[in-house]
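Subject: Structure handover

Hello,

Here is the structure for your files. My notes on what turned up in it follow below.

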Amino acid sequence: MKRNRRRVAAAVPLMEIRYEFGFDAAHRFPSMPRGHKYRGVHGHSFRVEAALRGVPRLPSGFVSDFARLEKACLGLRGKLDHALLNELEGLHNPSLENLCLWIWGRLSRRFPGLARVTVRRDSLGQSCTYLGPGGGR
């Protein structure tokens, strides 16, 4: 009796790593009606989480080097922190949604495994997550 000797492929470990940073900034929404509380300049503390998805690569065993991700995120933090967001190129309407898109646009060029960007205003219990152009598929 012969045994069926199929090779069982080892499961490929798909991982997600995340880096989080914060910044404080002001913004306004001039398209809101007069008297709306968001029309005038106001500020928030924001938290950003960038997540990369992939398979750990040899020989490091890393999905991506955290030092590279941290450096890129801190560069963005330097542009966002204590800024009037409306004055930044591409953020004329700085909603949570547009902040996600703005951050994605800058990180996805350097990190092809970017899986999602989340921007939070914890004090208000608000957040937005962008899953990329494919919606996380």
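His82 counts as exposed, because its relative accessibility is 66% and the cut-off for exposed is over 50%. Please keep in mind that this is a predicted model. His82 sits in the loop between H1 and helix H2 (96-107). Its backbone deserves a note too: His82 has a positive phi of about 55 degrees although it is not a glycine.

The peptide bond from Leu58 to Pro59 is cis, with omega near 0 degrees. Pro59 is also a loop residue, placed between strand S2 (42-54) and H1. Why list these two items at all? Because most residues other than glycine have a negative phi, and most peptide bonds are trans.

Next, the aromatic rings. How many aromatic pairs does a search of the whole structure find? The search gives two. Phe23 and Phe46 make a stacked pair, with 4.8 Å centre to centre and 10 degrees between the planes. This pair connects distant parts of the chain, with Phe23 in strand S1 (residues 15-27) and Phe46 in strand S2, 23 residues apart. Phe23 and Phe46 are both buried.

Trp104 and Tyr130 form an edge-to-face pair, at 5.1 Å centre to centre and with 80 degrees between the planes. Here too distant parts of the chain are linked: Trp104 belongs to helix H2 and Tyr130 to strand S4 (residues 126-130), and they are 26 residues apart. Are Trp104 and Tyr130 buried or partly exposed? Trp104 has 11% relative accessibility and therefore counts as buried, since buried means under 20%. Tyr130 has 22% relative accessibility, so Tyr130 counts as partly exposed.

Which residues form the positive surface patch? Arg57, Arg68, Lys71 and Arg110 form it. One of them, Arg68, is located in helix H1 (residues 66-80). Arg68 has a relative accessible area of 38% and is therefore partly exposed.

Regards

Conventions. Residues are numbered from 1 along each chain as its sequence is written. This is a predicted model: local features need pLDDT of at least 70, side-chain atom pairs count only at pLDDT 80 or more; totals for chains, interfaces and linings use all residues. Side-chain values use heavy atoms; hydrogens and water are left out. Patches are made of residues with over 30% relative accessible area and no salt bridge: like charges are joined within 9 Å, nonpolar side chains (Val, Leu, Ile, Met, Phe, Trp, Tyr) within 5 Å. Accessible areas come from the Shrake-Rupley method with a 1.4 Å probe; for residues, only the protein chains shown count as cover. A salt bridge is a side-chain nitrogen of Lys or Arg within 4 Å of a carboxyl oxygen of Asp or Glu. Lys and Arg count as positive and Asp and Glu as negative; His and the chain ends are not counted. The place of a charge is taken as NZ of Lys, CZ of Arg, CG of Asp or CD of Glu. Helices (H or I, at least four residues) and strands (E, at least two) are DSSP runs, numbered from the N terminus. Buried means under 20% relative accessible area, exposed over 50%, partly exposed in between (1.4 Å probe, protein chains only). Rings of Phe, Tyr and Trp (its six-membered ring) pair if their centres lie within 6.5 Å; planes under 30 degrees apart count as stacked, over 60 as edge-to-face and the rest as tilted.
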